[in-house]
Amino acid sequence: MSFKSILQDMKDEFGSISRKGFDVKFGMKSRSHRVVQDTSFRIDALKQSCWANMPPELLRDVLMRIEASDDTWPPRKNVVACAGVCKNWREIMKEIVKSPEVSGKLTFPISLKQPGPRDSLLQCYIKRSRSNQTYYLFLGLNQASTDDGKFLLAARKCRRPTCTDYIISLNSEDVSKGNSAFVGKLRSNFLGTKFTIYDAQPTNTGAKVTKCHSTRLVNMKQVSPRVPAGNYPVAHIAYELNVLGSRGPRRMQCVMDSIPARAVEPGGVAPTQTEFVSSNLDSIPSLPFFRSKSGRGESVQSGLQSGQNEGMLVLRNKAPRWHEQLQCWCLNFNGRVTVASVKNFQLVASPENGVAAGPEHENVILQFGKVGKDVFTMDYQYPISAFQAFAICLSSFDTKIACE
């Protein structure tokens, strides 16, 4: 029996198990009975499988070949399926599948929190639903096709009296902070000129959690019912005020709190999350019951004050040039943007502490632009992640009365 036949048989068997499990899961029985039956079915199917007692060396070789052959979506779902078989298979797949920085591929959900590839832009696009104020991020090269591509993230806009929140989730149907798929949020000030990106998971050991409206205090500890984690500020975005009302593109600056400025230099390193941390209330610091009114806006502005950005990566929008013949501002998006819009932008690294700009400071880290009605491209690369790039692009959708 050839090795190619082994691979095919393996994929067919997992596909059969997956389809049967799907049929059981969405049957008409009660929820508790459905879950028990689904779980027992998968265990019995695995025990009966001829792959259950495969030698470790052969198993690793088979999984490596599956990972190498299924390098694009939707075939890459086989890699995810293999990682979901059991703990042993999952550990092997975690060793085989490289991070987006190395492989340039998005495989597991944690890949959305890891920096993108170093040498190329990872191409995605965003679809906006005006009816329910929701934004969907997809992985795909052809945004004009009827196929939506691989779904990555969803964000829902929530207006509040003094600010606007964009709740970001891995679940496209239930975008809420109470869902276990909640990964973070974007919050703006009243004018829509300053934004803070909050991650639901700490990006490093020194990350500090901040208070949010959905949390409450019990026994002097911060408790978030149904919310899996806290709110860790990872970036601050500021749009320059247009007091004189002059014509031209928006000017923006992003301070990446969790990424050092040296990350864009050759050999630079950015923090990389390896797994989602389970909720632990003891690890969340307690907060006082009262705080002064003067501190209400500190969370939005803390990362934008001069002197506090030292050592942090600062991104600025690349200045466009005026085209005399077209009579408009132009940027080279290499064919990825086709419709002129004030929302279009490219972000590059700002020189650190006044140092002369080098080649790495002209390299586009994130570009965002319109290609059709409610369709926008989003391309990003190292050192920011898909989650951070998506949140930055969401800030461009928000209304900015004082900037235009």
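The protein chain exposes about 21700 Å², of which carbon and sulfur atoms supply 52%. The model is predicted. Of the 404 residues in the protein chain, 45% are buried. The secondary structure comprises eight helices and 16 strands. Among contacts in the protein chain with a separation of 6 or more, 61% are accounted for by residues 24 or more positions apart.

Two of the helices were examined as a pair. Helix α3 (residues 56-69) and helix α5 (residues 87-96) have axes that come within 10 Å and cross at roughly 50 degrees. The two helices are therefore oblique to each other, and α3 passes α5 in a right-handed crossing. On the α3 side, the contact is made by Leu59, Arg60, Leu63, Met64 and Glu67; α5 contributes Asn88, Trp89, Ile92, Met93, Glu95 and Ile96. Classified by residue type, this contact of α3 with α5 has seven nonpolar, one polar and three charged residues.

A further site was considered in a loop. Ile365 lies between β14 (345-349) and β15 (366-372), in the loop that links these strands. Ile365 counts as buried because its relative accessibility is 2%, against a cut-off of under 20%. Apart from neighbours within four places in sequence, Ile365 is in contact with Leu121, Val264 and Leu315, with Leu347 and Ala349, and with Asp379, Tyr380, Gln381, Tyr382, Pro383 and Ile384. Of these partners, Leu347 and Ala349 fall within the residue range of β14. The C-alpha atom of Ile365 is separated by 9.2 Å from that of Ala389, a residue 24 residues apart from Ile365 along the chain.

Conventions: Residues are numbered from 1 along each chain as its sequence is written. This is a predicted model: local features need pLDDT of at least 70, side-chain atom pairs count only at pLDDT 80 or more; totals for chains, interfaces and linings use all residues. Side-chain values use heavy atoms; hydrogens and water are left out. Axes are lines fitted to C-alpha atoms, for helices over the stretch in contact, and angles run from 0 to 180 degrees between N-to-C directions. Helices (H or I, at least four residues) and strands (E, at least two) are DSSP runs, numbered from the N terminus. Angles under 35 degrees count as roughly parallel, over 145 as roughly antiparallel, 65 to 115 as roughly perpendicular and the rest as oblique. A crossing is left-handed if the near helix is turned anticlockwise from the far one by less than a right angle, and right-handed if clockwise. Contact means heavy atoms within 4.5 Å. Ala, Val, Leu, Ile, Met, Phe, Trp, Tyr, Cys and Pro count as nonpolar, Asp, Glu, Lys and Arg as charged, and the others, Gly among them, as polar. Buried means under 20% relative accessible area, exposed over 50%, partly exposed in between (1.4 Å probe, protein chains only). Accessible areas come from the Shrake-Rupley method with a 1.4 Å probe; for residues, only the protein chains shown count as cover.
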